[in-house]
Amino acid sequence: MGRMYAFLGAALFAMSAPAVASAAGTGPSVAVLDFSTKGLTSNAWGNFEPGVALSDLLTDQIVKGGKFDVLDRKNLDSTLSEHSLAASGEVDSTSAITAGRLVGARYLISGNILQLDQTGRSGGGAGSFLPGLAGAVAGAVKTDRTTLRVAVRVVDARTGRIVQSFTDEQTEKATSFAAGAFSGYTAGGYSNEQFVNSSMGHLINSEATKIAADLDPTKFTSGAATAAISGHVLSVDGANVILNVGSAKGVTVGMYFDVVKIKRMKDPDSGKTLTVNENVGTIEVTSVSADTAVAKLVSGTASARYAVQSQA
């Protein structure tokens, strides 16, 4: 797998937040991305996708826990696919902000499967990685020990900041970890009794249960809230919108700002001059220096001296 989100262009973000079904909970909204298998030295499982299976079962376990508002995996995958974005576990800060805005999730849960190996065998010599049914010898019962090790990351989709990360490991013993019968599933397809009751499914579900238990919503919000950043448009140079605020004020690449036109009007009743702030556009920061930033227009318009304010 090892696919990264690809930014498709400003036109994607002119749309309003899509309606992605979720399992209602009391906590923050989360989306579980496919876990990456990049770095594993074998794909002996064939078309079986352990990263997708782990994401499916982790989603189920998070829903059961009731601590989060969880986006539906099938709708999540469909929404990203419609815009040529891959629901993969390798997420950098800009990709996280892009994907989070597209699907409407505050936090993205992702990670990498670091190990999926046969780490021992009793009743016979150790075989190859995930030997499956081929490892059985007539008249002998062999038990394989298989280890699954996973790195987990939770990313704030508004800031790109990692708010929680940890690793975990599960080991199972069984006569077979064959995965071929479960190939070709899409997101949401591994949440079924046939797979969960298999040796491979039991191993992955055990890991999913442990990950779900370790996710801590208090860490998601602690220190995550940031004050709004305000500034002005210095100039518009072709496609670039130059701002008078930069990294010294907390501006980061991928941050979104509202462009605000300030109008002053006289109230005919009181005679007072009133100020009206009209949102006329949205911009996304593409590069940052200490005191300035360059952004591109996502929607609407922007002009010199217009005010800007970072989105929550």
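The model here is a predicted one, where local features need pLDDT of at least 70, side-chain atom pairs count only at pLDDT 80 or more, and totals for chains, interfaces and linings use all residues. Residues are numbered from 1 along each chain as its sequence is written, and side-chain values use heavy atoms, with hydrogens and water left out.

Helix 1 itself covers residues 50-65 (helices are DSSP runs of H or I with at least four residues, strands are runs of E with at least two, and both are numbered from the N terminus). From first C-alpha to last, its 16 residues reach 22 Å, close to the 22 Å expected at 1.5 Å a residue (the expected span is 1.5 Å times one less than the number of residues). Helix 1 is mostly covered, with 12 of its 16 residues buried; buried means under 20% relative accessible area, exposed over 50%, and partly exposed in between, using a 1.4 Å probe and protein chains only. Among the buried ones are Val52, Leu54, Leu58 and Ile62.

Now for the arginines. Arginine 153 lies in strand 5 (residues 143-156), and it counts as buried because its relative accessible area is 19%. Its side chain makes a polar contact with the side chain of asparagine 112, at 3.1 Å (a pair of N or O atoms within 3.5 Å; within protein, one must be able to donate a hydrogen and the other to accept it, and residues adjacent in sequence count only if both atoms are side-chain atoms).

Arginine 305 sits in the loop between strand 11 (293-300) and strand 12 (307-310). With a relative accessible area of 77%, arginine 305 is exposed, and its phi is near 80°, a positive value in a residue other than glycine.
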